[in-house]
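Visitor: I would like to go through this structure with you, one topic at a time. Could we begin with the charged side chains?

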Amino acid sequence: MMKGLPRKPFLGQDYRVPLSSKVFSSWDFCIRVQEAAIIKKHEISNEFKVELEEGRRLQLAQQQSRAQKACHLLAYLRVNVLIGLLVVGAISAIFWATKYSQDNKEESLFVLLQYLPPGVIALVNFLGALLFAFLVQLENFPPNTEVNLTLIWCVVLKLTSLGMYSFSLGQTVLCIGRNKTSCESYGYDACDYQCWENSVGEELYKLSLFNFLLTVASAFLVSLPRRLLVERFSGRFWSWLDWEEFLVPKNVLDIVAGQTVTWMGLFYCPLLPLLNSVFIFLTFYIKKYTLLSNSRASPRLFRASSSTFFFQLVLLLGLLLAAVPLGYVVSSIHSSWDCGLFTNYSAPWQVVSELVALRLPSTGQRALHYLGSHAFSLPLLILLSLVLTVGVSQSQANARAIHALRKQLVWIQPATAGRC
């Protein structure tokens, strides 16, 4: 432990700390409560399991021959190609479902057809997760690899389905990329910009509602019957089926998808965050019931640091997915003529310029006009480029010096320890 601990700050993340350091330095001696002690014991135990599992995986990877590595690479390629085709098919299904529901909105079954696109998105996400896990499991990948591939493709499917849904709404409701005559059959009067914000808001309300209904259906129509059937019957199939495995990352992704829908609907439906808060409150107790009553603990462990980074990255991608169409709508799309807060403006962004002209004094207006002019932006861009170039060069030089000093300290340390 004494040899390994000083090398960690010198070598950074490239150096793996020995397990002895975790054995002798993991416990928190300030703990006085029994429940906190139990939680800390479980945390240390999970850290040991993760370290041993990663060490075993790395050792097996090093022992593989070139033929085995080639076979694994082909398996990864085959699975990713198949899942990519499934994602493309799911995106196509969402596009055509949105188009079909809008083309037939005058039919008598429109009350059901208007829920077709959100229902297709919810069904695609649910079936996609099952198919992804099944395809990855067929190749007999390592457990952590199986979960990681499934989660990555679930993220891709959720975000691309929301992106395609936004694009489909832009085509059908706002006639983006279409001429006016092709939009006359739609009841939104989109080409005349009559209350199109309400129409988009209704679609996002439906999508948020269907995400919550999918959570309820998964808990009471899938997990609960599965647990009852496994308890009721015996046999090879039922022992293979077993209780549902509760994966924390997968359940967190469902909440992230709901948050992305909320961000997309902030401009169109201000009450959507309140509705999503109620859904999150109910989802917590539904997930808790599923975890305690209908699920078994997952034998696969996840590092808290890597999982947190993964979820934050997905949230960032969801925020970008919501911000791009919203920025386009606010800056470029004509507002509704008959309803909304921006009926007298060609675009919502004009409110900002009007408020600046009415509320700011002339000095402030001239300052803002200068800040937005080329006379200010071009010198600022040149200055920022120079500062960035100097900063990057200095950072690279410092990194090389720090790396060399760390190597010297690693070599000096054993000699100093021997003299002491």
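Visitor: Is aspartate 254 buried, partly exposed or exposed?
Guide: In this predicted model, aspartate 254 is partly exposed, with a relative accessible area of 25%.

Visitor: Which side chain does aspartate 254 meet in a salt bridge, and at what distance?
Guide: The partner is lysine 287, at 3.5 Å from N to O. The two residues belong to distant parts of the chain: aspartate 254 lies in helix 10 and lysine 287 in helix 11, 33 residues apart.

Visitor: And lysine 287, buried or exposed?
Guide: Lysine 287 is buried, because its relative accessible area of 18% falls under the 20% cut-off.

Visitor: How many salt bridges are found in the whole structure?
Guide: The search finds six. One of them joins the side chains of glutamate 231 and arginine 227, at 3.5 Å from N to O. Another is formed by lysine 40 with glutamate 43, where the closest N and O atoms are 3.9 Å apart.

Visitor: Where do glutamate 231 and arginine 227 sit relative to each other?
Guide: Both are in helix 8; they are four residues apart, so about one helical turn separates them. Glutamate 231 is partly exposed at 48% relative accessible area, whereas arginine 227 counts as buried at 15%.

Visitor: What about the placement of lysine 40 and glutamate 43?
Guide: These two are three residues apart in helix 3 (residues 34-63), which means that about one helical turn lies between them. Lysine 40 is buried, with a relative accessible area of 18%, and glutamate 43 is partly exposed, with 37%.

Visitor: Back to helix 10 and helix 11. How do their axes run?
Guide: The axes of helix 10 (residues 248-264) and helix 11 come within 10 Å and cross at roughly 170 degrees. Helix 10 is therefore roughly antiparallel to helix 11, since the angle is over 145 degrees.

Visitor: Which residues make that contact?
Guide: From helix 10 there are Asn251, Asp254, Gly258, Gln259, Val261 and Thr262, and from helix 11 there are Leu272, Pro273, Asn276 and Lys287. By class, the contact of helix 10 with helix 11 has three nonpolar, five polar and two charged residues.

Visitor: Now helix 8 against helix 11: parallel or antiparallel?
Guide: Their axes come within 11 Å and cross at roughly 10 degrees. The two helices are therefore roughly parallel to each other.

Visitor: How do the residues of that contact divide by class?
Guide: The contact of helix 8 with helix 11 has 14 nonpolar, eight polar and two charged residues. Helix 8 contributes residues including Leu209, Phe212, Val216, Phe220 and Arg227, while those from helix 11 include Leu275, Phe279, Leu282, Ile286 and Lys287.

Visitor: Turning to aromatics, how many pairs are there?
Guide: The structure holds eight aromatic pairs. In one of them, the rings of phenylalanine 212 and phenylalanine 279 have centres 4.5 Å apart and planes at 5 degrees, so the pair is stacked. This pair links helix 8 (residues 196-232), which holds phenylalanine 212, with helix 11 (residues 272-294), which holds phenylalanine 279; the two are 67 residues apart.

Visitor: Which residues form an aromatic cluster?
Guide: Phe267, Tyr268 and Phe342 form one such cluster.

Visitor: A different region, then. Where is leucine 157, and what is it in contact with?
Guide: Leucine 157 is in helix 7 (residues 143-173), and at 2% relative accessibility it counts as buried. Leaving aside neighbours within four places in sequence, leucine 157 is in contact with Val87, Ala90, Val124, Asn125, Gly128 and Phe132. Alanine 90 is 67 residues from leucine 157 in sequence, with a C-alpha to C-alpha distance of 8.0 Å.

Visitor: Finally, how many helices and strands are in the protein chain?
Guide: There are 15 helices and two strands. Of the 420 residues in the protein chain, 32% are buried.

Conventions. Residues are numbered from 1 along each chain as its sequence is written. This is a predicted model: local features need pLDDT of at least 70, side-chain atom pairs count only at pLDDT 80 or more; totals for chains, interfaces and linings use all residues. Side-chain values use heavy atoms; hydrogens and water are left out. Rings of Phe, Tyr and Trp (its six-membered ring) pair if their centres lie within 6.5 Å; planes under 30 degrees apart count as stacked, over 60 as edge-to-face and the rest as tilted. Axes are lines fitted to C-alpha atoms, for helices over the stretch in contact, and angles run from 0 to 180 degrees between N-to-C directions. Angles under 35 degrees count as roughly parallel, over 145 as roughly antiparallel, 65 to 115 as roughly perpendicular and the rest as oblique. Contact means heavy atoms within 4.5 Å. Ala, Val, Leu, Ile, Met, Phe, Trp, Tyr, Cys and Pro count as nonpolar, Asp, Glu, Lys and Arg as charged, and the others, Gly among them, as polar. A salt bridge is a side-chain nitrogen of Lys or Arg within 4 Å of a carboxyl oxygen of Asp or Glu. Buried means under 20% relative accessible area, exposed over 50%, partly exposed in between (1.4 Å probe, protein chains only).
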